[in-house]
Amino acid sequence: DVNNGRFDTVGAGNVTCKNLEVHKTNTAAILDYADNTITCEEFGTGNGGVGKVVGAAGGKIIIQGDGTNSRSLDLGSTAAFTGTNTIEWQGDATSASQDAEGSTGSYSLIVNASGKTFIPNATCTQFENLTITAGSLNTGGNDLTVAGALANDGTLTPVSYTHLTLP
């Protein structure tokens with residue numbers, strides 16, 4: 001947990017943890033993963049959201065799920081992204097919705113979970129790029145905005161009155 005202060009992986013290499021939390025209301029709490037990879041089962045689920053996140057090209061946060069078919073990503077509409085950020089969802093949920101909307105900045109989302117489905121729980125306007133490598137993304141009836149590229153090698157399922165906004 002990053003409750004106060006900065007968790008900085010610059011020069012530290014890749015990090016593996018069970019649950020990654022960045023306090024969402026303490027402005028001093030910052031996750032700076034730079035160009036490293038952080039692999040965790042859950043991101044933001046313990047606090048119902050995430051605070052400041054700083055990334056760099058080549059780095060990413062990989063979320064692998066926890067085996068309980070529950071939410072493994074919870075940005076809580078509070079995540080403040082700075083720099084180049086990538087989240088790769090390899091979760092194991094087949095029906096749980098994921099909270100993929102932050103507060104400021106943008107990030108690229110990669111869905112890479114063969115046989116699994118990523119379902120956002122609300123409108124998502126912060127995607128820099130959206131890549132479906134394996135598995136599927138079901139919009140759940142929510143609008144998605146992608147500022148950059150959309151790459152789909154899996155399945156993209158718009159539901160109901162979904163609007164998909166691309167450049």
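Is lysine 18 buried or exposed, and what is the relative accessibility that decides the matter? In this predicted model, lysine 18 counts as exposed because its relative accessibility is 52%, and exposed here means over 50%. Its side chain meets that of glutamate 41 in a salt bridge, with 2.9 Å from N to O. This pair links distant parts of the chain, since lysine 18 belongs to strand E2 (residues 15–20) and glutamate 41 to strand E4 (residues 37–43), 23 residues apart. Glutamate 41, at 25% relative accessibility, counts as partly exposed.

The bridge between lysine 18 and glutamate 41 is one of 5 salt bridges found in the whole structure. Another joins arginine 71 to aspartate 74, whose closest N and O atoms are 3.9 Å apart; arginine 71 is partly exposed at 27%, whereas aspartate 74 counts as buried at 9%. Elsewhere, salt bridges that share partners join Arg6, Asp8 and Asp32 into one network.

Turning to the chain as a whole, the fold has 15 strands and 0 helices, and buried residues make up 45% of its 167 residues. The radius of gyration is 15 Å, which agrees with the value near 15 Å for a compact globule of 167 residues.

The surface also has a nonpolar patch of about 220 Å², made by Leu150, Leu164 and Leu166. Of these, leucine 164 lies in strand E15 (residues 164–165) and is partly exposed at 35% relative accessibility.

Definitions and conventions
Residues numbered from 1 in each chain as written. Predicted model: local features only at pLDDT ≥ 70, side-chain atom pairs only at ≥ 80, totals over all residues. Heavy atoms only, no water. Patch = residues over 30% accessible without salt bridge, like charges linked within 9 Å, V, L, I, M, F, W, Y side chains within 5 Å. Areas by Shrake-Rupley, 256 points an atom, 1.4 Å probe, with all protein chains shown as cover. Salt bridge = Lys/Arg side-chain N within 4 Å of Asp/Glu carboxyl O. Helix = DSSP H or I, 4+ residues; strand = E, 2+ residues; numbered from the N terminus. Buried < 20%, exposed > 50% of the residue type's maximum accessible area, 1.4 Å probe, protein only. Rg over C-alpha atoms; globule rule 2.2 N^0.38 Å.
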